[in-house]
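Dear colleague,

Please find below the structure I am handing over to you, together with its sequence. My notes on it follow.

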Amino acid sequence: MTEDVRLLMLAGDYVEDYEIMVPYQALLMVGYKVDVVSPGKKAGDKVLTAIHDFEGAQTYSEKPGHAFQLNATFDEIDTDDYIGLIVPGGRAPEHLRMHPRVIEIVKAFADRPLAAICHGAQLLAAADIIKGRKVSAYPACRPEVEMAGAMYADIPVTEAVTDGELVTAPAWPAHPAWLAQFLSVLGATVTI
């Protein structure tokens with residue numbers, strides 16, 4: 001595979017640290033070029049991340065993560081240049097869905113390979129692209145998924161679900177399943 005095969009990743013402040021870094025590095029490792037963008041930012045700018053953990057409370061805890069450096073400029077992207085989209089979770093989707101251009105981008109991938117994890121389903125719901133589809137997300141996003149007309153996939157936190165070219169998962173513990181299913185949707189094979 002060459003770096004001509006490009007994927008787009010949407011980011012914003014307080015994106016979940018593992019949910020941006022792990023897929024970014026894993027997809028680079030297998031040969032994809034991954035452009036990571038955020039509204040109002042250009043290549044070289046950074047977004048703050050948060051680390052979400054499951055420590056026995058009613059919901060996840062949140063700790064400061066790393067600063068993630070963007071490698072592409074939001075205002076310069078053309079969705080036709082990309083074969084797929086990755087939407088990490090955390091708190092970023094909450095504010096990203098307020099940007100009309102972000103919604104346009106998500107809609108452009110409605111029928112192309114699209115991987116969303118955790119709160120990334122908030123962007124899918126806001127873009128109105130999941131009606132009638134089976135979608136997993138962090139459990140707190142279940143009402144939004146169902147109000148958008150999707151069937152919420154109540155699966156273990158380590159699992160993922162594929163519906164057509166849409167791959168979703170509840171949270172970062174699902175990375176192995178989520179990324180494997182996304183690679184399958186992309187038509188990639190990894191052999192040992």
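Predicted model: local features only at pLDDT ≥ 70, side-chain atom pairs only at ≥ 80, totals over all residues.

At its start, a side-chain oxygen of Glu16 comes to within 2.6 Å of the backbone nitrogen of Tyr18. Buried residues in α1 are Asp17, Glu19, Ile20, Pro23, Tyr24 and Leu27. After the helix comes Gly31, which has a positive phi, near 110 degrees.

His175 lies in helix α6 and counts as buried because its relative accessibility is 7%, where the cut-off for buried is under 20%. Setting aside neighbours within four places in sequence, His175 contacts Tyr18, Glu19, Val22 and Pro23, as well as Ile117 and Ala180. With residues up to four places away in sequence likewise not counted, Val36 touches Ile20 and Tyr24, along with Met9, Ala11, Phe68, Leu70, Asn71 and Ala72.

Val36 also belongs to the largest nonpolar core, which has 65 residues. The members that touch the most others in this core are Leu10, Val36, Leu85, Val106, Leu114, Ile130 and Trp178. Helix α6 (residues 175-186) makes the greatest contribution to the core, with seven residues.

Yours sincerely

Notes
Residues numbered from 1 in each chain as written. Heavy atoms only, no water. Core = buried A, V, L, I, M, F, W, Y, C linked by side-chain atoms within 4.5 Å. Buried < 20%, exposed > 50% of the residue type's maximum accessible area, 1.4 Å probe, protein only. Helix = DSSP H or I, 4+ residues; strand = E, 2+ residues; numbered from the N terminus. Contact = heavy atoms within 4.5 Å. Polar contact = N/O pair within 3.5 Å; in protein donor to acceptor, adjacent residues only side chain to side chain.
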